[in-house]
Amino acid sequence: MTYHPKSDFMRVMIERGYLADCTDYQALDEALIKGVVPAYIGYDATAASLHVGHLLNIMMLRWLQKTGHKPITLMGGGTTKVGDPSFRSEERPLLTPDKIDENIAGMKQVFARYLRYGEGANDAVMLNNAEWLDGLNYLDFLRDIGRHFSVNRMLSFESVKSRLDREQSLSFLEFNYMILQAYDFLELNRRYGCLLQMGGSDQWGNIVNGIDLTRRVLDHEIYGLTSPLLTTSDGKKMGKSASGAVWLNGEMLSPYEFWQFWRNTTDADVGRFLKLYTELPVEECDRLGALQGSEINAAKIILANEVTALLHGADAAAAAEATAREVFEKGGVGDDLPTLALTPTDVSEGISFAQLILRSGLAKTGKDAKRLILEGAARVNDEVEADPGRMFGAGDLVEPLKLTAGKKRHALVTLG
């Protein structure tokens, strides 16, 4: 990246590693210097919470606001009814309007931790594209908007091409998605003066579509900026852990488990993640990321504390660190560990070790649980237990049991 930005926002995007591509660096930079730039990222309401995979773009919105501009979180109340086909091998399951509203409510809780919403010039606003999509007249939409799209060009987009190359079905419903996303950008520009759409680099084609459409229909110049699609240094998709998605809602993933995810960062990723997911100065991120040997563990604790404090608050981060120290350094049982609460009915005929590992979330499937146990990677109260079929009854649960999978994942089992 040889462009030297003048605006604070573009400088942060480049210095901290958020920027993959931009449709017009110089024109966007100048717009950012002139005044408050409203910018949006779209989120389809396909789950009750956002996850760590969304966090990079949420941090981009946070930096946008910190540098004096206006974030728009666009909830896909309309587009969720269609489903984004980008780089997916099959059609998304269709959700009911009630489920979509429920999911949006869950996602709102997360955004409120990172952004300041309100009526001020650079306060964030949350919008829902159902506002303009639900009432569309199909014939008018085809005539006024559809005529600006070339099917030949749409077929050339990587997200569509990859699906067709694999001879996987792409429904007409999904094919419409990219037109609807382009229309969102047009409407946000028309209604709210939005000048910038941001997203992951897999959204480049959809973003460019919206810029072209807005230029043709309104003759307005707007911009697109994408972030890199993150993988960890060992090639895994960011946001997945051994036990599934790393959710941002505390009810779906405890602050301790969230903290632990960051504490377990691979050494090679620490510096990069500090820049992307915390607000520590860049020089400090570089210094911590360059630590070697056991010293890098101190940097991982700083990373875990900083990221957890942003989402769950400083108290939750401190409690998670204290629990981790108690579990790892003293071999004790921390109060904050994820807990499987069993009822007397659950254990009336006994419950197998494999079932405990599965139900506590330390394994995704029964097969995974058995493999963990047979490989000697599962422990009860810090003792290796290699029999998946070992049964536990009420007498074994007078005191909470501490389960461990591998070296670093723990859970408690209690009897209520």
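A crossing of two helices is called right-handed if the near helix is turned clockwise from the far one by less than a right angle. With that in mind, I turn to the predicted model before us. Here, helix α1 passes helix α3 in a right-handed crossing. Helix α1 covers residues 8-16 and helix α3 covers residues 52-66; their axes lie 9 Å apart, at an angle of about 145 degrees.

Which residues make this contact? From α1 come Phe9, Val12, Met13 and Arg16, and from α3 come Met60, Trp63 and Leu64. By class, six of these residues are nonpolar, none is polar and one is charged.

I come now to the aromatic pairs. A pair of aromatic rings is described by the distance of the centres and the angle of the planes. The count in this model is nine aromatic pairs. Why is the pair of Phe261 and Trp262 edge-to-face? Their planes stand at 85 degrees, with the centres 5.2 Å apart, and planes over 60 degrees apart count as edge-to-face. Both residues are buried. Phe261 and Trp262 also belong to a cluster, linked by ring pairs, together with Phe258, Phe273 and Tyr277.

Phe353 and Phe392 form a tilted pair, with 6.0 Å between centres and 45 degrees between planes. This pair links distant parts of the chain, 39 residues apart: Phe353 is in helix α17, residues 353-359, and Phe392 is in strand β13, residues 391-392. Are these two residues buried or exposed? Phe353 has 0% relative accessibility and therefore counts as buried; Phe392, at 1%, likewise counts as buried.

Definitions and conventions:
Residues numbered from 1 in each chain as written. Predicted model: local features only at pLDDT ≥ 70, side-chain atom pairs only at ≥ 80, totals over all residues. Heavy atoms only, no water. Phe/Tyr/Trp six-rings, centres within 6.5 Å; stacked < 30°, edge-to-face > 60°. Buried < 20%, exposed > 50% of the residue type's maximum accessible area, 1.4 Å probe, protein only. Helix = DSSP H or I, 4+ residues; strand = E, 2+ residues; numbered from the N terminus. Axes fitted to C-alpha atoms, helices over the stretch in contact; angles between N-to-C directions. Contact = heavy atoms within 4.5 Å. Nonpolar A, V, L, I, M, F, W, Y, C, P; charged D, E, K, R; others polar.
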